[in-house]
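Let's take a walk through this one together, starting with an open space and working our way to the contact between the chains. Keep the viewer handy.

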Amino acid sequence: MADFGGWDMPIEYAGGGVVKEHLAVREAVGVFDVSHLGKVAVRGRGAVDYVNRTLSNDLRRITPGQAQYTLCCDSATGGVIDDLIAYLHGGDAVFLVPNAANAGEVVRRLSLAAPAQIEVRDLHEDYGVVAVQGPRSAALLRRLGLPADGEYMSFAVARWRGHDLVVCRTGYTGEHGYELLPGRTDAITLWDALLDAGQELGVRPCGLGARDTLRTEMGYPLHGQDLSPDITPVQARCEWAVGWDKPEYWGRGALLAERAAGPHRTLWGLESLERAIPRPHMVVRSTEGEELGQVTSGTFSPTRRVGIALALLSARAGLAAGDQVVVDVRGRPAPMRVVKPPFVSSSVR
Amino acid sequence: MSAPVVLLVGMMGAGKSTVGRAIAERTGWSYVDNDELVKRATGRTPPEVLAAGGEKALRAAESEALRCAVSLRSPAVAGVPGGVVLDRADRDRLRSAPGVVWLRARPDTLIRRVGSGAGRSWLQPDPATAITRLAAARETYYAEVANAIVDVDDRTPQEAAQAVITAVGSFSR
């Protein structure tokens, strides 16, 4: 078990292990208890416009019943306070799922700036979140009588054992999958039902370890490592989560200026050319020995069976995909190839 | 480093052909549209491929066309069919190409341009909803392959072309 944003979380489950759990998600189905994630409701007249004036992505790109990846940036620096999923409901309501450790700060910032008629409500402990991910995830949902046919990034409210259950076609693994939001009293029953019904499908409960290797293979950033208040979306290849032509959102001025000038560093993927496994904070150098930056996420890829990393590297070096760099792995220079993430092509649809 | 081959990706209606031609006019680079690439790759036009082998054959032809597009002699600009990103191998191919630019449009813009979606069976019976859902579902794939994003909603084709040229300049420095 590990402390994660104040929550006790399993790294891996007994009888499983990171690699087994990882492969279950790539080849069958895995279930994650990610109830630590924040839940925030923003509602009241003008709530959708308000979220669109503050968070980075453009809610005009989706309609009610759809979800969107978005960023809460610092209004002065454009640095990322948190990355989150916004669920657009009808009737001027947006439901946000921020990271556990940042939920309080997101609520604080949104509350502080909100007009009087808009309510920003922290529902962190009112719902659980259970992620069901993998090529057999749809089959598992159907076994529980839940709707499984939604398009990627859509959601629906279903009934399960007499209560509402939000079924979202979202995830953090790159596989076809769902994130289920039961009320807090239903979370454990739902977890047990999924593991029971999934026996024949090869289901495995999965911990934070597999969650990290799966998302790293996809090049999905983790806040606190690849995104942070010191790292902007322009540096972290998250430009796609910014509505550039919106007249207003937090950090707009700083981000537009950085985009026009070109970022001074960029998040690249690195692929180990030998057996070395890169880890966060390891120093990356050019083959000539010039320091280029640091690894922000690094692990062994169970799918590719090679060490992989995300690294923030100086733009001065003019790096391109295919170039070679050297990572200092505990005093030993390990050659790695620069790639554009993901390391494993996603199959979210 | 000289200008790379610019590959325009994005949903149908994002303006890949219009902007591609505008780029060619401004720069003198050659422009090759998808129909031409399909013809070079298979010897047939897309409607001929569709008639002979159905949608699956057309997808295969578009993959072939993409192979032609990435190996065009630079400088050149080409439009990539909207659905190419659904294929893993095609995404891998696009990701290793340096000049991929995503012409990004909001669903309302796409709906206005695509209209009734006549002749596009996958948009029926409700093209507006279909386009909105497709756009959200494909976003992650376009983001995965693009080296730069140009938002086209409030831009003329000329302005969008200039924005692409600027973006390409910044990553081919």
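Start at the second largest pocket, where 33 residues form the lining and Glu62(B), Pro81(B), Gly82(B), Arg120(B) and Trp122(B) lie nearest the centre. A pocket here is an open set of points on a 1 Å grid over the protein atoms alone, where a 1.4 Å probe fits, with protein on both sides within 12 Å along at least five of seven lines; a residue lines it if it has an atom within 4 Å of a point. In chain B, helix H1 (16–27), helix H2 (34–42), helix H3 (46–70) and H6 are the elements that give two or more residues to this lining. Helices (H or I, at least four residues) and strands (E, at least two) are DSSP runs, numbered from the N terminus. H3(B) gives the most, with seven residues. The pocket's volume is about 1,000 Å³, a volume being the space filled by probe spheres set on the points, with grid points joined across faces, edges and corners. By class, its lining has 13 nonpolar, ten polar and ten charged residues.

A quick word on ground rules. This is a predicted model, so local features need pLDDT of at least 70 and side-chain atom pairs count only at pLDDT 80 or more, while totals for chains, interfaces and linings use all residues. Residues are numbered from 1 along each chain as its sequence is written, chains are lettered from A and ligands numbered from 1 in the order in which they are written, and side-chain values use heavy atoms, with hydrogens and water left out.

A cavity is a set of grid points where the probe fits but cannot get out, and the whole structure holds three of 30 Å³ or more. Of its 17 lining residues, Trp102(B), Arg104(B), Ala105(B), Ala135(B) and Glu139(B) lie nearest its centre. Both chains take part: strand E5 (66–73) of chain A, plus strand E4 (100–104), helix H5 (107–114) and helix H6 (127–145) of chain B, each supply at least two residues. H6(B) provides the largest share, four residues. The lining of this cavity splits into twelve nonpolar, one polar and four charged residues.

The second largest cavity holds about 50 Å³ of space. Residues lining it include Met9(A), Tyr13(A), Phe32(A), Cys206(A) and Arg211(A). Strand E3 (29–33) and helix H6 (208–218) of chain A each supply at least two residues here.

What about the contact between the chains? It takes 27 residues from chain A and 29 residues from chain B, where contact means heavy atoms within 4.5 Å. The area buried between chain A and chain B is about 2,500 Å², with carbon and sulfur atoms giving 46%. Buried area is the accessible area (1.4 Å probe) that two parts lose on being put together, summed over both. On the chain A side, Arg61(A), Trp240(A) and Lys340(A) supply 29% of the area that chain A buries against chain B, more than any other three residues.

Arg61(A) also forms a salt bridge with Asp151(B), the closest N and O atoms being 3.4 Å apart. That term means a side-chain nitrogen of Lys or Arg within 4 Å of a carboxyl oxygen of Asp or Glu. The count between the two chains is two salt bridges.

Finally, some backbone details. The peptide bond from Pro341(A) to Pro342(A) is cis, with omega near 5 degrees, and Pro342(A) sits in the segment after strand E19 (332–339) of chain A. Another cis bond runs from Ser74(B) to Pro75(B), with omega near 0 degrees.

Notes: Nonpolar A, V, L, I, M, F, W, Y, C, P; charged D, E, K, R; others polar.
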